[in-house]
Amino acid sequence: WITRDLRLHDNPGLVQAAGADLLLCVFVVDPRWFQPGPFQCQPLGLHRWRFLWGSLMALDDALRARGNRLHIAWGTPEQALPALCRGSAIDELHRARLPGTQEGQQWAAVCEAVPGVRARQHEALTLFQEPDLPFGLEALPATFSAFRRQLEKSDLQPQPPLPAPDTLPSAPGLDQDARSQCPAITPGPARPDFLPGEAAALGHWHQYLWQDQHITHYKDTRNALEDWPSSSKLSPWLAQGCLS
């Protein structure tokens, strides 16, 4: 179950699932994202949907190059995923662990609906994992700066990133997925800076950090909003998991 990990590199859930005989990579587009919520504001706006859709298409291309493909489902995860599990005789379900309350409730509901499926969550959204921290959650610092200073004083190092798999098992022979049911992507202004997908994310990261070395003045310019090199501009790719 692909969620906020729209990438092949450094994706522990994908690496674990790649040992299967058949592999179904699913992204669920939830109709509730496009409906007004309690405050009459829909969860997913036009620009973010356009970026997300482009990232999904980029992931689909990358999976097809390795012998798999992305299956896009339309509906709530609580209904779409159990139906896919039953229809394709799925025996194992993987997902990156999401920290949100609603996301946790969704995971519990999906697992309850398919009791015969082995369900596993993987830590794919953080630099460090909870068991590796030099303190328990009850002693978690109240601010990021205090958190960072404690980690810098310890010997804790991030795990090396996992390489992208060279090949993947083939996908089950399913009918056409539901991408035609998803909201249409309306044309927007050309933004050559924020190109969607994993390859664009890695390219921008490499340019910002190594080619232009803008990281060297980050502390002095990070609060400036007007020009491109003041801050990393990595947020859109990090939010969708195009970068780990």
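Visitor: In which helix does Trp 205 lie?

Guide: Trp 205 belongs to helix α6, residues 198-211, where helices (H or I, at least four residues) and strands (E, at least two) are DSSP runs numbered from the N terminus. This is a predicted model, in which local features need pLDDT of at least 70 and side-chain atom pairs count only at pLDDT 80 or more, while totals for chains, interfaces and linings use all residues. Residues are numbered from 1 along each chain as its sequence is written, and side-chain values use heavy atoms, with hydrogens and water left out.

Visitor: Why is Trp 205 called partly exposed?

Guide: Buried means under 20% relative accessible area and exposed means over 50%, with partly exposed in between (1.4 Å probe, protein chains only); Trp 205 has a relative accessible area of 33%, and therefore counts as partly exposed.

Visitor: What makes the nonpolar surface patch that includes Trp 205?

Guide: Leu 202, Trp 205 and Trp 210 make this patch, of about 310 Å². Patches are made of residues with over 30% relative accessible area and no salt bridge, like charges being joined within 9 Å and nonpolar side chains (Val, Leu, Ile, Met, Phe, Trp, Tyr) within 5 Å. A salt bridge, in turn, is a side-chain nitrogen of Lys or Arg within 4 Å of a carboxyl oxygen of Asp or Glu.

Visitor: Why is Gln 106 called buried?

Guide: The relative accessibility of Gln 106 is 17%, which is under 20%, so Gln 106 counts as buried. Gln 106 lies in helix α4, residues 101-113, and, not counting residues up to four places away in sequence, touches Trp 1, Asp 30, Arg 32, Pro 77 and Glu 78, contact meaning heavy atoms within 4.5 Å.

Visitor: How do you know that Gln 40 is exposed?

Guide: Its relative accessibility is 64%, over the 50% limit, and therefore Gln 40 counts as exposed. Gln 40 lies in the loop between β1 and α2 and has a positive phi of about 60° although it is not a glycine.

Visitor: Which residues have the most contacts inside the largest nonpolar core?

Guide: They are Leu 6, Phe 27, Trp 49, Leu 56 and Leu 70, in a core of 28 residues; a nonpolar core is a set of buried Ala, Val, Leu, Ile, Met, Phe, Trp, Tyr and Cys residues joined through side-chain atoms within 4.5 Å. The elements that give two or more residues to this core are α1 (12-17), β1 (25-29), α2 (46-64) and β2 (70-74), and α2 gives the most, with eight residues.

Technical notes: Areas by Shrake-Rupley, 256 points an atom, 1.4 Å probe, with all protein chains shown as cover.
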